[in-house]
Every structure is written in structure tokens, then in C-alpha cells.
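Take a walk through this structure.

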Amino acid sequence: MKPLPYSSSSSSSILRKTRISPLIVTLLAFIVFITILYSEDFSCIFSQLEYSSLSGPPNSISRIIEKNKKLPFAIGETEDDCDIFSGRWVRDDSRPLYEEAECPYIQPQLTCQEHGRPVKDYQHWRWQPHGCSLPSFNATLMLETLRGKRMLYVGDSLNRGQYISMVCLLHRLIPENAKSMETFGSLSVFTAKDYNATIEFYWAPFLLESNADDSVVHRISDRVVRKGSINKHGKNWKGADIVVFNTYLWQGSFEDEVKDIAIVSTEDAYRMGMKSMLRWVKKNMDPKKTRVFFTSMSPSHQKSIDWGGEANKNCYNETKMIEDPNYWGSDSRKSIMKVIGQVFGKTKVPITFLNITQLSNYRKDAHTSIYKKQWNPLTAEQLANPVSYADCVHWCLPGLQDTWNELLFAKLFYP
């Protein structure tokens, strides 16, 4: 459709016929001023609408951030329309990225080869997003970025596994006399002395104060948390430049000094913890200097019937991954992911979401199973039935959790 020819005479005649009052001119100018002043807030509001419309487990939740605003540490951008969390596993014999025996920091409950796992196939897989590729993990870039800074993982034993994975990915570049690992109660600190940098893990399995806060003795059947108590742990997180949160296994809450127990659903307890975390981040973190990440729930593989296996079996002796691209697992995973979408959809707090749940769902082959240090002597009955004591929650290192850190690397530098 061709535009009408411009005519100065016709324009002027219209102007002569239409007189605009000074009040309207002032109002229009005010609207333009407000639009420019708050344009970023408007874009943030509109972006939140995408989150609030989530009705099921989101395949991808991007960062909650004002558009067109450069994030700390970013050196590039993800390709347009590329969801790095949606993809498939491909065989890669150049992996693993390090050897188990080369990293002295792996806890004995994650050293599967040392404890007799007969095959290494679970180590030879690379995550391939649909339509794009992950940037290769660059340990030199990561260490240089951390120079003079503090990186902190906060959460449960799954997050501790991701923390150890990051240390294993980096420590080979550091001379033996220039690195150390120390533990101070709930805090573990890996120091790269020449870089004046630390990579840390803080044990806070529910983020809020809980009866599982002892970093050594925390196997408690009836888990409870104290509502509104995040500052008890949060005071130890201040000053970090990169923070990676996670939490998952929720069962209840206690609300006051006399410990009146209020039984709440897993979803409601999780929502409470998420909101507390976001409030703490908003109050204590400077988005111009700090990057904050939240890692979604790590799936377990406790019931082989979920993926079409035999009843009364689990991840024990599973050497192949789940090939059904639509496999999701239990309904609880869907409901928890829905809670994440709802909570993140109502916040302006800049936070990057690492959606490791779906890609980890396929990896029933990567758990520690029976190949780990057993803290308590096994009975004859247990030894006769390995399924009964297989760990289908935690993951062998090297392995799946290295991919979690590759995704973290990608979102840190190419958000």
C-alpha cells in the first residue's frame, strides 16, 4: 500500500482547522515523559505476563531481568530463539572433562569408579540444545572472571555436588601450593590463592532455618523449617559476587519460638522458601555487580515403573538413559516446576533460572546407585538385594553435574 503524498498546504489547512488546547499539549508531553522514564519497568511488567501464563512445568524459564540491560560478567548473548535447556544427549567420547582420580575434592559418596562401578558409559555424554550449541566450558576464562571475587553455592547435597564439580573443572589450572580446601561448619571454601578468589558451598538445604541445618548430621525423617528465618543463614552469603541457590525436599514448617508445627504441602513450603530467597536477594544483592542463579529440582529415579521398567526396581543396574523425549517423571516434579514459574513470574528481582530438571530426568544411568561409600554397615539382607540400598538421588562425578555447570557457564557469560 503506497503512502499518501505529503502536502504542506493540506497539512497547514488541517492545523488551522484543528486548534489544540495548551492543556492537551501539556498532557501529551507528560505521557511521553513518563513513558521514557519508566519504559524499563513497563517492559519488565510485560515480560512477567509470559511467566504468569505458565500452566504446567515450564520447558524454559529465562532470566527475570529488565530487557536491554547488560548483566554483570556477560561477554556475549545466546542466539535468538535458543533455549539451551531444551535438547538431547549425544555421545561424546572426548568426555569426561576431567578424571575422577585427578580431582581429590570429590566426596566418597560420589566417587563411583573408586567404589567399583564397572562401566564409564555414563561419563561420555554431552548435552546438545536444539538449534544451537553450548559454548565450550573455558576454565581459564572462568578463573580470570573470579579473580578477586567470591562464588558461592547455597543449598543441599545436590548443590554441593555441583559445587564440587565446578572445583574439579577448575583446580587443574592452579598449582598445588596455590590452592586449598577448608571447611568451617556449614561453609566449605576452595581458595585459588594466586587469583585471590574463592569458590564456596554453604549448607542450607531449605535456605530457611531448619532442623536439618547440621552439615554432618542431617538425615531427619520429619523435616521442618522456620518461616521467615532466612537471615539466619543469609548473613553468611553477603558479599558474594556469584550466587547459585537450590533447594527441594520440603515436608513442613515451624513458625514461632514454641515451635507450633504447621503441616503444609510440599508446594506451599517450596513457595515459602522461594519467596524468602527472592526477598533476601532484593535486599542484599546489587544487580549491577552480582549475578544470582537458581537451579531447579534435581530428579530422582526411585521407581523404574515410571519409565516402563519392572515394579519394585529403581536406578540400580541402569546403564542406559531414558530415550522418550516426553518423559517427565512424577507429578510432584510438575507441581514444583509450576510453583517456580508462578513465583518467578511475580518478581522483578534479577535472577537467572537454570532448568536442569528435564535434561536430568533422562539420566537414570548417572546416579551413584550402590557405588559409593556406605556410612553405615550394610546388613546381609541389604547386600543380598542391592536395589534396597541404591542411591538414586545423587550423581557420580565426573558426570551429569558437570553439564549443570556448563549451563551455568553459558548463562553467566552468554545470557
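C315 and C392 are joined by a disulfide, S to S 2.1 Å. The term covers a pair of cysteine sulfur atoms within 2.5 Å. The torsion about this S-S bond is about -90°, so the C315 to C392 link is left-handed. C315 sits in the loop between β10 (291-295) and α8 (331-344), and C392 in strand β13, so the bond ties together parts that are 77 residues apart in sequence. Helices (H or I, at least four residues) and strands (E, at least two) are DSSP runs, numbered from the N terminus. Both C315 and C392 are buried. Buried means under 20% relative accessible area, exposed over 50%, and partly exposed in between (1.4 Å probe, protein chains only).

This is a predicted model: local features need pLDDT of at least 70, side-chain atom pairs count only at pLDDT 80 or more, and totals for chains, interfaces and linings use all residues. Residues are numbered from 1 along each chain as its sequence is written, and side-chain values use heavy atoms, with hydrogens and water left out.

The count comes to 4 disulfides. Another one joins C112 to C396, with sulfur atoms 2.0 Å apart. At -95° about the S-S bond, the C112 to C396 link is left-handed. C112 lies in the loop between β1 and β2, and C396 in the loop between β13 (391-395) and α11 (400-413), so this pair ties together parts that are 284 residues apart in sequence.

C103 and C168 also form a disulfide, S to S 2.0 Å. C103 is buried at 5% relative accessibility, and C168 at 1%.
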